[in-house]
Amino acid sequence: MIDGLYLITAQEPVEIMLDKVASALQGGVRVVQYRDKVRPDQEQLAIACQLKQLCRQRGATFIVNDDPVIAQASGADGVHIGQQDGAVGEARRILGPNKIIGVSTRNAEEALKAQRQGADYVAVGSIYPTTSKDDIQVVGLDILKKVRKAVQIPVVAIGGINRDNGSDVLAAGADALCVISAVMADPAPALAAGEIALLFNRHNPFPRGKVLTIAGSDSGGGAGIQADLKTITLLGSFGMSALTALTAQNTLGVKGVHPAPVDFVTAQIEAVLADLGTDTVKTGMLFSAEIVEQVARAIDQHALLAVVDPVMIAKGGAPLLQQEAIAAFVQHLLPVAYLLTPNLPETEALTGFAVRNEKDMERAARRLQQMGARHVLIKGGHLEGAAVDLLLADDQLHRLAAPRLDTPNTHGTGCTYSAAIATFLAQGVPLTQAVEQAKTFITEAIRSSFDLGTGHGPVNHYRAARLFRQPE
């Protein structure tokens with residue numbers, strides 16, 4: 001069965017290409033197609049053998065483009081042929097009955113013909129404009145839908161597909177999303193692959209997606225691990241946790257902090273990843289430089305998509321991140337953050353300059369991206385006027401505004417917001433939409449907050465989650 005994220009290699013130096021493919025496989029690629037229009041056959045065969053080995057290590061399918069002889073000699077799982085590059089029958093004769101044969105098509109008629117000839121899957125495209133091939137013909141989503149209705153074999157969509165439009169392609173009937181530059185041209189192929197691979201979770205039953213939260217415990221239940229797990233569960237995903245510290249706190253403030261041993265934090269993370277795995281990670285209070293470094297190492301080693309909430313100061317003013325840990329955060333954790341979600345005081349601490357308005361927020365977001373974060377969400381809760389957040393996704397700025405709500409019950413706002421983003425991402429919602437939905441969620445959680453205790457009460461996770469309640 002051909003499904004999931006399908007990667008075609010780019011024409012570039014061998015070692016660079018192999019490194020990128022290895023990273024992309026770690027990020028979630030399920031099929032790799034080796035396409036090479038330049039190198040001689042013997043060199044292609046050697047490369048194909050190396051790519052096959054990488055795929056075997058990750059349990060992925062390996063396909064050779066156009067050449068069934070190289071596919072057979074390298075032990076590939078199959079071959080992909082274009083309309084002018086060979087016949088299904090000849091490829092079957094060379095490869096035998098148990099190998100996979102895919103065919104490029106541009107309409108339902110070509111797809112039906114390929115199916116009748118014995119193809120195991122068809123590729124349809126180009127869905128969107130792309131520069132990856134010279135003879136591009138954009139067919140669009142309507143043709144994809146017609147192909148899906150016409151054939152019973154898997155359908156692979158190709159051409160101009162990325163994180164932002166992939167959901168529409170899947171909704172049109174694609175079983176697999178085929179990409180080239182969206183992953184191979186990205187400086188972080190594992191993350192690029194990971195954020196597209198997550199889109200396939202949208203079709204899974206609930207609980208949909210797994211989220212690992214790495215944060216401190218809040219004995220009052222309004223923030224930290226407790227808020228994260230409430231958010232993850234109520235929104236319909238499976239939550240897991242690694243505790244970094246115990247706190248004695250209530251609505252009046254933090255009374256004490258007891259950090260977990262660094263090696264035990266690492267043991268918790270590795271225990272979860274070795275057995276359960278996770279789709280996304282959310283980090284909160286990490287307390288010390290040593291814990292920050294270990295968490296950053298795990299995120300990097302496992303190519304995890306991490307929503308990083310740089311929890312530094314509690315609402316009552318208690319420090320939740322030691323001073324030396326801030327330098328470790330900037331050096332180690334910020335560069336592996338998929339999405340960084342600081343509030344304004346945290347933004348100022350990380351960038352070193354004052355942030356007083358939206359122009360400052362944009363400047364800070366771009367600075368934090370230059371420092372290594374892949375995407376940045378700066379929360380404007382401390383601004384005057386409307387509660388405006390700015391999302392810098394790649395190089396695109398998105399403004400998210402909501403009415404400012406007059407309530408003292410905002411305990412756990414940052415934890416809940418970032419946990420909601422991580423949850424929606426794990427469920428297959430593209431980044432921008434995930435942040436927009438999380439903004440809606442946290443706004444309702446604040447609006448419906450209730451008096452509990454005598455200080456800053458908690459937000460209302462239950463009422464907010466009702467906005468996203470899924471039918472069984």
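Colleague: Why are α11 and α12 called roughly parallel to each other?

Modeller: The model is predicted. Helix α11 (residues 262-275) and helix α12 (residues 289-301) pack at about 25°, and angles under 35 degrees count as roughly parallel, so α11 and α12 are roughly parallel to each other. Their axes lie 9 Å apart, and the crossing of α11 past α12 is right-handed.

Colleague: Which residues make that contact?

Modeller: From α11 come Val262, Val265, Thr266, Ile269 and Glu270; α12 gives Glu290, Ile291, Gln294, Val295 and Ala298.

Colleague: How do the residues of the contact of α11 with α12 divide into nonpolar, polar and charged?

Modeller: Six are nonpolar, two polar and two charged. Val and Ile count as nonpolar and Glu as charged.

Colleague: What makes the eight strands a barrel?

Modeller: They close in the order β1-β2-β3-β4-β5-β6-β7-β8, with parallel pairing. On average, neighbouring strands of this sheet are turned by 25° against each other, direction ignored.

Colleague: How do you know that strand β7 pairs with strand β8?

Modeller: Pairing needs at least two bridges. Three bridges join β7 (residues 155-158) to β8 (residues 176-179), so the two strands pair.

Colleague: What angle does helix α1 make with β2?

Modeller: About 155° for α1 (residues 14-27), which lies across β1 (4-8) and β2 (29-34).

Methods: Residues numbered from 1 in each chain as written. Predicted model: local features only at pLDDT ≥ 70, side-chain atom pairs only at ≥ 80, totals over all residues. Heavy atoms only, no water. Helix = DSSP H or I, 4+ residues; strand = E, 2+ residues; numbered from the N terminus. Axes fitted to C-alpha atoms, helices over the stretch in contact; angles between N-to-C directions. Contact = heavy atoms within 4.5 Å. Parallel < 35°, antiparallel > 145°, perpendicular 65-115°, else oblique. Left-handed = near helix turned anticlockwise from the far one by under 90°.
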